[in-house]
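Here is a friendly briefing to read with the model open beside you. It starts with charged pairs, then moves on to helices and loops.

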Amino acid sequence: MAGEWTAVEGESHKKRVCYFFDSDIGGFHYGPGHPMKPTRIRMCHSLVMNYGLYKKMEIFRAKPATKREMTQFHSDEYVDFLSRITPSNMNQYIKEQHKYNVGDDCPVFDGLFDYCSISAGGSMEGAARLSRDKCDIAINWAGGLHHAKKSEASGFCYVNDIVLGILELLRYHSRVLYIDIDVHHGDGVEEAFYTTDRVMTVSFHKYGEYFPGTGELRDIGIGKGKYYSLNFPLRDGISDENYKSVFEPVIQQVMEYYDPSAIVLQCGTDSLSGDKLGCLNLSMKGHANCVRFVKSFNKPLLLLGGGGYTMRNVSRAWAFETGLAAGVELGREIPVNEYYEYFGPDYELDVKSSNTEDMNTPEYLERVKNIVLDNVRRLKGPPSVQMSDIPKLPIDDAMDDINQDEDLVPPDERRPRRLLDSRVQADGELSDSDDEGEGGRRDRVSYKDRGSESRSRSSETEGGTMRKFGIGVGILSSGPAGSTHGAGPSGHTTLVPQTTAAPTSMDVDDTPPTTERGVTPVEAIKVVDGVSVDEHKDKDDMAVDENPPADGETS
């Protein structure tokens, strides 16, 4: 029996929605004990189908992104490394694993490159369909991997599908707005477009002793991109009302001053209440309100996934937001589906806020909001861009004739059984109540012994201790957040002699720091318009407080 829905009131006109899903995505597995579970996307799709949303939109299986398409942003060496490494040959790439930060937060697993290809392919094809006016809203919940850098994996992300999607949009659109409501800062996307005014990045995230350690209020862009990167640092436990009170005014003013012709919204659900890694307190309706508000501007909209580590809540939120995109509000009662047992004991489509204390005081939010809005007002209107002939890319041929290869695939050809078996998830992964936290069905199998046997012998030092790969602080680590890196000042620890600085207009705490350190901005990545840091040295407003506000730290 299909679930119920009601039409959303106030819809001016029906939106054409393209929804991307690849059935293979749920078969990938980061490894035992890892919080990132691609199965959540399949759970969401099960809800979408059993609610009958397929009647309201077009559903596509995107062509996986090729190595050539990935190198529009990522380095050739990094993409080649991702395509070559497997669990069986990873011992041969010890040096490369350290270089590209693969091994801890970002493990090597079977089908790694295929997983990245599916994620990036959906975002790129969604952007291509938006640009060619084949739809008004494109959805790819397998995307939104915002931490990946040009030549480095980070925070469970290997290939930055968001940057690839935005680059596709920039071929047709003069200005693109990127909005990030994940609990973690969208550092990879900000870094990619830190020196250009053709992409404006706006991120609402937890800041202070928290991964990735970037996204300070004073990180505003550099050179031609100055004031085109906005960061709204939040403290623990923000409620729906407080989130709405800052999200809507900021986005409203950004739309007025920047006037983008397309929007990309990263809908990370680790900002929901009860997330395993998150620390905010949004309900499903509060999170979905962001989608509803951004949709109301009637601009081409690309909706992407992101973080989210309590699977039953991730699938609920994304299914509900898929319905909003299609112009309907899903009913409260969850229809029977293959993952029905996960949604007990209430079996309702809702994620409620908890009684967690909101550490974001009205005074703090007002001060930060005023500073962010002041930065927006410095834009002095939308930048003008002289568009040129659109370069021809392989995706153009695919979009012109989407089904050109349909008759070339042998209907009786099967993939090898060994390949299919390698993608099967571990027994107990779907029924392990570690995600439920209730019901007494917890899988008691210990992976400690199994994990120690499977570790690479090459990862042991001469003394017999294990060598850790990757940077010192990961999304699963609890070290100082300031030891990571990113595009802006908050992402670096390059130090010069200390000097005494007067409080700036961007100090939001009652007691400003007595000393600040100057930093050397990292070389930002040249993406569009040929802008680089070397051409625009601008260190104004780049002072950084190495110690984030005490009352914004994780309790």
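Lysine 369 is buried, with a relative accessible area of 14%; buried means under 20% relative accessible area, exposed means over 50%, and partly exposed lies in between (1.4 Å probe, protein chains only). The model is predicted, so to speak of local features a pLDDT of at least 70 is needed, side-chain atom pairs count only at pLDDT 80 or more, and totals for chains, interfaces and linings use all residues. Residues are numbered from 1 along each chain as its sequence is written, and side-chain values use heavy atoms, with hydrogens and water left out.

- The side chain of lysine 369 meets that of glutamate 366 in a salt bridge at 3.6 Å, N to O; the term stands for a side-chain nitrogen of Lys or Arg within 4 Å of a carboxyl oxygen of Asp or Glu.
- Both lysine 369 and glutamate 366 belong to helix α11 (residues 362–377), where they sit three residues apart, about one turn of the helix. Helices (H or I, at least four residues) and strands (E, at least two) are DSSP runs, numbered from the N terminus.
- Glutamate 366 counts as partly exposed, at 38% relative accessibility, whereas lysine 369 is buried.

**Charged pairs that link separate parts**

- How many salt bridges does the structure hold? There are 20 of them.
- In general, side chains of opposite charge can pair when their charged atoms come close.
- Arginine 16 and aspartate 133 meet through their side chains in a salt bridge of 2.7 Å, N to O. Arginine 16 lies in the loop between β1 (5–7) and β2 (17–20), and aspartate 133 in the loop between α5 (112–131) and β4 (137–140), so this pair ties together parts that are 117 residues apart in sequence.
- Arginine 16 is partly exposed, with a relative accessible area of 37%.
- Another salt bridge, at 3.4 Å, N to O, brings together the side chains of arginine 132 and glutamate 168. Arginine 132 lies in the loop between α5 and β4 and glutamate 168 in helix α6 (residues 161–170), so the pair ties together parts that are 36 residues apart in sequence.
- Are these two partners, arginine 132 and glutamate 168, buried or exposed? Both arginine 132 and glutamate 168 are buried.

**An enclosed helix**

- Ten of the ten residues of α6 are buried, so this helix is largely enclosed by the rest of the structure.
- Among the buried residues of α6 are Asp161, Ile162, Val163, Gly165 and Glu168.

**Two helices side by side**

- Helix α8 (residues 240–258) packs against helix α9 (residues 284–295) at an angle of about 20 degrees, and their axes are 10 Å apart. Axes are lines fitted to C-alpha atoms, for helices over the stretch in contact, and angles run from 0 to 180 degrees between N-to-C directions.
- α8 and α9 are therefore roughly parallel to each other; angles under 35 degrees count as roughly parallel, over 145 as roughly antiparallel, 65 to 115 as roughly perpendicular and the rest as oblique.
- Which residues of α8 meet α9? From α8 they are Asp240, Tyr243, Lys244, Phe247, Glu248, Ile251 and Gln252, and they meet Gly286, Asn289, Cys290, Phe293 and Val294 in α9. Contact means heavy atoms within 4.5 Å.
- By class, the contact of α8 with α9 has six nonpolar, three polar and three charged residues. Here Ala, Val, Leu, Ile, Met, Phe, Trp, Tyr, Cys and Pro count as nonpolar, Asp, Glu, Lys and Arg as charged, and the others, Gly among them, as polar.

**Backbone details in two loops**

- In the loop between β6 (199–206) and β7 (229–234) you will find proline 212, which a cis peptide bond joins to phenylalanine 211, with omega about 0 degrees.
- Glutamate 209 is also placed in the loop between β6 and β7. Its phi is near 55 degrees, a positive value in a residue other than glycine, and glutamate 209 counts as partly exposed at 36% relative accessibility.
- Proline 345 is in the loop between β10 (328–330) and α11, and a cis peptide bond with omega of about 5 degrees joins glycine 344 to proline 345.
- Tyrosine 347 lies in the loop between β10 and α11, with phi near 55 degrees and a relative accessibility of 28%, which counts as partly exposed.

**The whole chain**

- The protein chain has 14 helices and twelve strands, and 57% of its 555 residues count as buried.
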